[in-house]
Amino acid sequence: MKAKSFFSRAAAAPHIVWSVMFIVAPLLFVLYYALTDPNGAFTLSNIAALPEYGGTFFLSISLSLIATIICILIGYPMAYFISRAKPSRQPLLLMAALVPMWINLLIRTFSMMAILDDGGLINTLLGTNLHIVGTKGAVIFGMVYDFLPYMILPIYTVMSKMDKRVLEAASDLGCNHFEVLLRVVLPLTRSGIVSGVTMVFVPSISTFYISQKLGGGTFELLGDTIERQFANPDTYNVGAAISLVMMVLILLSMAIMNKFADEDAEGGMLP
Amino acid sequence: MNKIIELRGVSKSFDGETVLDNITLEIKDKEFVTLLGPSGCGKTTTLRLIGGFETADEGQIFFDGQEISDLPPYKRNVNTVFQKYALFPHLNVFENIAFGLRLAKVPNDEVTERVKEMLALVSLKGFEKKNVNLLSGGQQQRVAIARALINKPRVLLLDEPLGALDLKLRKDMQAELKKIQQATGITFIYVTHDQEEALSMSDTVVVMQNGKIQQIGTPTDIYNEPQNAFVADFIGESNILDGVMLSDRRVHFAGHVFECVDGGFSKNEPVDVVVRPEDVDVVLPENGMLRCTVTSVTFKGVHWEIIVDIDGFKWMIQTTDYVAPQAEIGLYIEPDAIHIMKKSEFSGQFGDYSTFSAEMDELSNPDIDETEEAAGSDES
């Protein structure tokens, strides 16, 4: 036996203890509750009751998808812009894009409410009577606003590592600016997009606060439904079943996303 | 031969630091031209201006008589082989080489055929499907050359393409590049800091320093008739001495009057005198024009490199006969071994062999700020 292995195992111990207590055990609890009734007897009725929530699943997935796509459309050019700025200016630009992450999500969402509300800042300043809070658009807006930095950061990281000479080579071989972007920058930053999508889509689909505040309680997303089930001891089991299915959905979509990144690796992986 | 590239009064500075200072240069069609100089001399910037990756602050650039100063790289009939190859990591060998043709919407059959031809030209047959990230430096190099040449450019720019290769492979690639250049008839503009590489490959060498062209000429011109102390020192080894031209073909230096073959200077004009180490004959003290003491002897394989002291000035001499350290010897210099140069801004900076490089002197000098030295580099 190598002497090294004892110490490397010992080094992993705190993390293993942590994982078992706070990740593995809760997951097992979710599984247990999802497959039992309030008395602790095995049942599949919780799972069977899920089609009832099909509309909520559909709405959550669509709103999160739309928010993720908008994040790509805003975040990708932004990351590109920052990565092409003067090296001395990049930290400042990046910080400006990431500063919202420093402020608590609840506070950000709450202040967004004050701005978008019927009697809020926008309507007062513009003298209009727009009804924003309570619409699905407001929820999508909230998701984009809250999670955009998580799209910009991984894409920027990949872009800033990209060899600038490779872009010059593309231009040298006949690419105009748009073709450089399409034929070289996009393929080379695919892994950044994949992690950005994961980091925006996952919190979006499970959020309950944004939909409660900016949705104004007019419709429910998965996060709200799960929260409501857990607020009542009698419906713990249904809540657990919804959580389980949502988790499986997220894992599935992540697997699909990773497949994307892997295919990338076949043709030549990023450094 | 007509000129294909012309630079007229081109200047460029980065962050207030002048990198190119009023460069005027003509490059003839189908020539192998090398831009040679130490790092920070402006050679890479010159190449990037021709490639279109930088725009000049002042001056104009012409391609085949047409001004191209403001054209972006993709509109220039020029291709580049980059320093670290800059291959596309997401494409295989075939698609890397085919990149330019795909953009030009060349039909598939023709693409396949031309890539095959290129792979044969750079001796990479059968590498089509390989991942470029797993190729060796020499193989990546060849892919980079094929990727540029397949577009049939009029001019190929090469930015220190052999810098990352080991010595033997570099020599093979030098020969191969020269062969490719002759076979294709494409004008090559080659940037290097390696004087030996420049001398052995080029039709014309352009020696640069401090953002200026110091000398343009054939390799033999540059070596035998350097125009100033910088060129004499940078190309090969040189003893550069202060001298006074007494009259045509008579020069005084190292406390002695020598016969030489140069003329055309005014009477008693101060000059720089170059004596190549291999042109000095070691003789018995009583037969020499100069007497001196050997201070060090180093075995170099083909010859011995000895350093001698003459009135505090260290000369380097290359001889095939062993001489003992501390020995008294005589030196004999033929008239045609003496080359006379006009005084220049570089006079007095080079030519003494107390140390081999200026850097060595600077290393031990606390008054020189290293960061300032590095700021002038254009190699980043």
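This is a predicted model: local features need pLDDT of at least 70, side-chain atom pairs count only at pLDDT 80 or more; totals for chains, interfaces and linings use all residues.
Let's start with chain A. Its secondary structure comes to 13 helices and zero strands. Read along the sequence, the pattern is α-α-α-α-α-α-α-α-α-α-α-α-α. The C-alpha trace of chain A spans about 75 × 70 × 30 Å along its principal axes.

Now to a pair of those helices. Two packed helices are described by the angle between their axes and the distance between the axes. Our pair is α3(A), residues 54-84, and α10(A), residues 190-206. They pack at an angle of about 140°, and their axes lie 9 Å apart. Angles over 145 degrees would count as roughly antiparallel. At about 140°, α3(A) is therefore oblique to α10(A). The crossing of α3(A) past α10(A) is right-handed.

Which residues make the contact? From α3(A), take S60(A), I61(A), S64(A), L65(A), T68(A), C71(A), I72(A) and Y76(A). From α10(A), take I193(A), V197(A), V200(A), F201(A), S204(A) and I205(A). What is the make-up of the contact by class? Ten residues are nonpolar, four are polar, and none is charged.

Next, the cavities. The structure holds two of 30 Å³ or more.

The largest cavity has about 50 Å³ of space. What lines it? Chain A gives R165(A). Chain B gives L47(B), R48(B), F53(B), T80(B), F82(B) and D159(B). By class, that lining divides into three nonpolar, one polar and three charged residues.

The second largest cavity has about 40 Å³ of space. Its lining is L167(B), R170(B), K171(B), Q174(B), D194(B), E196(B) and E197(B). Which elements give two or more residues to that lining? They are α5 (167-184) and α6 (195-201) of chain B. Helix α5(B) gives the most, with four residues. By class, the lining of the second largest cavity has five charged residues, one polar and one nonpolar.

To recap. In chain A, α3(A) and α10(A) pack with axes 9 Å apart, and their contact has no charged residues. The largest cavity has three charged residues in its lining. The second largest cavity has five charged residues in its lining.

How values were computed: Residues are numbered from 1 along each chain as its sequence is written. Chains are lettered from A and ligands numbered from 1 in the order in which they are written. Side-chain values use heavy atoms; hydrogens and water are left out. Axes are lines fitted to C-alpha atoms, for helices over the stretch in contact, and angles run from 0 to 180 degrees between N-to-C directions. Angles under 35 degrees count as roughly parallel, over 145 as roughly antiparallel, 65 to 115 as roughly perpendicular and the rest as oblique. A crossing is left-handed if the near helix is turned anticlockwise from the far one by less than a right angle, and right-handed if clockwise. Contact means heavy atoms within 4.5 Å. Ala, Val, Leu, Ile, Met, Phe, Trp, Tyr, Cys and Pro count as nonpolar, Asp, Glu, Lys and Arg as charged, and the others, Gly among them, as polar. On a 1 Å grid over the protein atoms alone, a cavity is a set of points where a 1.4 Å probe fits but cannot get out, and a pocket is an open set with protein on both sides within 12 Å along at least five of seven lines; lining residues have an atom within 4 Å of a point. Grid points are joined across faces, edges and corners, and a volume is the space filled by probe spheres set on the points.
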